[in-house]
Amino acid sequence: MKISHEEIQKIALLSRLHIPDEKLAETEKALSDILTYVEQLEELDLTDVQPMAHAVPLYNVYREDKVVPSLDHELALSNAPEEDNGYFKVPRVVQE
Amino acid sequence: MKYETVVGLEVHTELKTKSKIFCGCTTEFGGDQNTHVCPVCLGLPGCLPVLNKKVLDYAIKVGLALHCDILGFNKFDRKNYYYPDLPKNFQTSQYDLPICLNGYLDIEVGGKTRRIRITRIHMEEDAGKLVHSGSTISTSDSSNVDYNRTGVPLLEIVSEPDMRSGEEARAYVEKLRSILKYLDVSDVRMEEGSLRCDANISVRLVGDDKLGTKTEIKNMNSLSALQKGVEYEALRQAELVDDGGQVVQETRTWDDGKGMTLSMRKKEAENDYRYFPEPDLVPLTISDEQIEDARKTLPELPDAKMARFQDEYGLSNEDSRILTALRETADYLDATVKAGADAKGAANWMLGDLSKMVNEANITFKDAPVKPEQLAKMMALITKGTISGKIAKKVLASMWDTGKDPDVIVEEQGLVQITDTGAIEALVKQVIADNPKSVEDFKSGKGKAIGFLVGQVMKASKGKANPGMVNQMLKEELSK
């Protein structure tokens, strides 16, 4: 299955990936090859097969509505690239 | 009217559970930033979310109350988008197999009942909160994120585009809020964000079947903002089309201060959420037995209560609607009737003096210092003739202030109605002697003059004389 330049650019935008122009052709080929490989599944007759919702045949796993202690505040923020007064600090997110 | 407004609503309501939807962090509001977080709601690698059973129970209840089909097989999906209020870069939600489908809600606007269809209800997690460093988001260099709200359980209730005005949209949310309140599954406070509402709005020529291009309006944080927002946006679109323009499909925000909707300039490609089944959560199966058990736990809902108040209590449509809007109010009336009071009389006291007091104190009937049994006792004192209706207003006010029983107040303040013939006769004679002009008027055929004289006797008795007796004795005395 062939994937277009536009589709690659859209997927890149949605995934927040920057693909330089000179890499576009290479990416296009790699993704198309993967899709073609998976396409083999279309040979199967799935007329009476229900779509699978989960890989493991397991259902209805719950927990009771009980509060357990949360992470220590400092530990919770220890992976934050930037911190400000107990908040996770992130770059401005609105787009012009 | 050339154009018709078409509105569909998406309502998000926070569920009143103790812990979050997929982890044990508390849902309590107002903790210090990032103190109600754990690896699961922060989306740290290697963690495993597990569904809070109560969220499922609540969702089934709401679905049944809104006449939905409960799906025997439903599952969670990932809704992918990048925004820092979601630490995982996806929201765990339900997509093609949500917990509920195909329900409805009846609303009444202008004396007419309209059925608003409900497309679906699904369970999902709430997002965190962004605090911007500048005064607005565009003037900020950075944002600060608090993830305490991330993972608080939400139900999203999506309606069909069945509403035709801002007033209908408001009535729908009002009714929905009332039902959620009856079910006791959410605080439903719009101003505090525990109930949020987005509106999809379009306009079309009256008689047209095809839907026009819609816009989505966010940030309407009260019932009046919702109504105004819908009305403004419909008018904006109608004017745009009238001027030969075209509505652009976009998300707009309601600015309550300016009283208008503003474009949020979101890129079209951003709205591709690439849903896929959530591999970390297993699917849910719900048996018919489970659904029937849930149905048994439903309380009597506003529509049923309203019908009963009309049938059993003989109340008007309008009165029963007001009295059933809140469960606390309806329960109060039921309790007062159970304590022996006449339903219509009790309803009148509740709609009149008591409503005023409850509203002024900014509480519900549940917390009123006058208990249903006390109201019933007070009404019995009127029936027995111990106090007049007029004095009863005074007694009720004292009951409200002191919490004391009505008979105690009547006793303490000496408010017992004067039914002693001799005492009333003396007052009547005195008033006749003091008001020769009115007596003259009455005798010369001006029947109205009797009202003034009755008033004077009541005044002289400090309101305590039995008005019926005063009336009768005055007439007797004057016709002598």
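View 1. In strand S7 of chain B, B:Leu101 is the bridge partner of B:Asp69. This pairing belongs to a predicted model. Strands S3(B) and S7(B) (residues 100-109) run antiparallel and are joined by two bridges. Strands of a sheet pair through backbone hydrogen bonds, in either a parallel or an antiparallel sense.

**View 2. The hairpin of S7(B) and S8(B).** Strand S7(B) pairs with strand S8 (residues 112-125) of chain B in the antiparallel sense, over nine bridges. One bridge places B:Val109 with its partner B:Lys112 in S8(B). Two residues lie between the strands of this hairpin, and B:Gly110 takes a positive phi near 60°.

**View 3. The nine-stranded sheet of chain B.** The strands of this open sheet follow the order S3-S7-S8-S11-S1-S12-S13-S14-S15, and their pairing is mixed. Strands S3 (69-70) and S15 (260-263) of chain B stand at the edges; each has a single partner strand, so one side of each is left without a neighbour in the sheet. Helix H3 (residues 223-242) of chain B packs on the sheet, where it touches strands S1 (3-14), S12 (195-205), S13 (215-218), S14 and S15 of chain B. The direction of helix H3 makes about 25° with that of S12(B).

View 4. Strand S14 (residues 251-255) of chain B pairs with S15(B) in the antiparallel sense over four bridges. Across this pair, B:Arg252 stands opposite B:Ser263, and B:Trp254 stands opposite B:Thr261. The hairpin has four residues between its strands, and B:Gly259 takes a positive phi near 70°.

**View 5. A four-stranded sheet with strands from chains A and B.** This open sheet has the order S2(A)-S3(A)-S10(B)-S9(B), with antiparallel pairing. Its edge strands are S2 (83-84) of chain A and S9 (129-132) of chain B, each of which pairs on one side only. Strand S3 (residues 87-91) of chain A meets strand S10 (residues 142-146) of chain B in an antiparallel pair of four bridges. In this pair, A:Lys89 has B:Asn144 of S10(B) as its bridge partner.

**View 6. Helices H9 and H10 of chain B.** Two packed helices are described by the angle between their axes and by the distance between the axes. The axes of H9 (residues 372-384) and H10 (residues 389-402) of chain B come within 10 Å and cross at roughly 155°. That angle makes H9(B) roughly antiparallel to H10(B), and their crossing is right-handed. Helix H9(B) contributes B:Gln374, B:Leu375, B:Met378 and B:Ile382 to the contact, while H10(B) contributes B:Gly389, B:Ala392, B:Val395, B:Leu396 and B:Met399. By class, the contact has seven nonpolar, two polar and no charged residues.

**View 7. Helices H13 and H14 of chain B.** Helix H13 (residues 436-443) of chain B packs with helix H14 (residues 449-460) of chain B at an angle of about 145°, and their axes are 8 Å apart. The crossing of H13(B) with H14(B) is left-handed. In the contact, B:Ser438, B:Val439, B:Asp441 and B:Phe442 of H13(B) meet B:Ala449, B:Ile450, B:Phe452 and B:Leu453 of H14(B). These contact residues divide into six nonpolar, one polar and one charged.

Terms used
Residues numbered from 1 in each chain as written. Chains lettered and ligands numbered in written order. Predicted model: local features only at pLDDT ≥ 70, side-chain atom pairs only at ≥ 80, totals over all residues. Heavy atoms only, no water. Axes fitted to C-alpha atoms, helices over the stretch in contact; angles between N-to-C directions. Parallel < 35°, antiparallel > 145°, perpendicular 65-115°, else oblique. Left-handed = near helix turned anticlockwise from the far one by under 90°. Contact = heavy atoms within 4.5 Å. Nonpolar A, V, L, I, M, F, W, Y, C, P; charged D, E, K, R; others polar. Pairing = 2+ DSSP bridges.
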